[in-house]
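Let's take a walk through this structure together, from the whole chain down to individual contacts. Keep the 3D view open as you read.

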Amino acid sequence: MSANYHSIFTPANYQQRLENFDDYWVFTQQHGGELLESDKDLTKKKALLADFKANPVQLRTPLKDPDAFYRNYVEMQEDPKSLDKMTLLLTGMYKFARHEWVGIKGAWEFAPSMADANSLEDRISRIHLAEEFCHVRLFDEMLKTCGLDKVEWVPLSPWKEKVYEFFPKLPSIILNSPAFVTELMGVTFYLHLYPLIDEVFAEEPEVCTRLKALLDEITIDEIAHVGQRRNFINPIGMKVSKKLVKPFYTMFFNDIPEIGALFNIPQMIADGQNFDFNQLPEYMLARTWIPSYCQAAN
Ligand SMILES: [Fe+2]
Ligand SMILES: [Fe+2]
């Protein structure tokens, strides 16, 4: 198959990036629907989650030891090697999503509301943050689908919360590269999560299909976020961003013991550095957004 897309690190000039913000704005409004500011939600996404909830699926065989999940999901208390793969997958997924939740809480409070947004970039960022809150709800639904209905979203340690509160206050020239690499890390992690869900839930076809359908809603948004956050960055910033992939992925994944136990971190780093959209399935490409300068026809 010929490559239809260029590397996410392909440089783009200012004019191209301006045009792509306009294009993303058109995409994001039809993608998520109307912003429901006080609910940190979007109409289409809210309806989608309600549909999933109205048609729940359950494990054929309930989790062997849900207490093992509840003992280890906020902080790993036991040797990860002593836990079964399903528990590790679920606690690891929660921990990844928890970081996302902490990051967006801080950013939502700091960023201008839609009514106060003065620029197109501010309006895009407001919708982006609302989508991130939708992701936390989707992760919560993934855990509920596995029978875990007592999950709480717990703040990080005080100093880590401070770091996440401080982060959105940095000047955008400093913030743009880390914010982009964080989105890229999300896509890399989710793309590695699909085959693990297939493996771990092989005996649970209904739950396996549902978990992947819920994850699709997150991944398709995150692919669009990768392009959108990349669009903030000039050619020098893109060189910096590529250099940040390895230290960022390493630091973040090392903080979640399940990730080292379940995934190939060097492979995830390589996938981040080489990301170019070509590996993505058609059904995701059809629903997401990719900058024009990453498309081979342009
Ligand atoms: Fe997200
Ligand atoms: Fe995102």
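**From the whole fold to its core**

Among contacts between residues at least 6 apart in sequence, 77% join residues at least 24 apart in the protein chain. Please bear in mind that this is a predicted model.

Which elements build the chain? There are 12 helices and 2 strands, and from the N terminus on they follow the order α-β-β-α-α-α-α-α-α-α-α-α-α-α. The radius of gyration is 19 Å, close to the 19 Å that the globule rule gives for 298 residues, so the chain is as compact as a globular protein of that length. Along its principal axes, the C-alpha trace spans about 55 × 40 × 40 Å. Of the 298 residues, 36% count as buried.

Now let's look inside. The largest nonpolar core has 63 residues, and those with the most contacts inside it are L90, M93, Y94, M142, L143 and L184. At least two residues of this core come from each of α3 (66-72), α4 (85-110), α5, α7 (172-200), α8 (205-230) and α9 (235-254). The largest share, 12 residues, is supplied by α4.

Finally, turn to a pair of helices. The axes of α1 (residues 14-32) and α5 (residues 120-145) come within 10 Å and cross at roughly 35°, and the crossing is left-handed. On the α1 side, the contact is made by F21, Y24, W25, T28 and G32, while α5 brings L120, E121, R123, I124, I127 and E131. Sorted by class, this contact has 6 nonpolar, 2 polar and 3 charged residues.

Definitions and conventions. Residues numbered from 1 in each chain as written. Chains lettered and ligands numbered in written order. Predicted model: local features only at pLDDT ≥ 70, side-chain atom pairs only at ≥ 80, totals over all residues. Axes fitted to C-alpha atoms, helices over the stretch in contact; angles between N-to-C directions. Helix = DSSP H or I, 4+ residues; strand = E, 2+ residues; numbered from the N terminus. Left-handed = near helix turned anticlockwise from the far one by under 90°. Contact = placed C-beta atoms within 7 Å. Nonpolar A, V, L, I, M, F, W, Y, C, P; charged D, E, K, R; others polar. Core = buried A, V, L, I, M, F, W, Y, C linked by C-beta atoms within 7 Å. Buried ≥ 20, exposed ≤ 12 C-beta atoms within 10 Å, placed from the backbone. Rg over C-alpha atoms; globule rule 2.2 N^0.38 Å.
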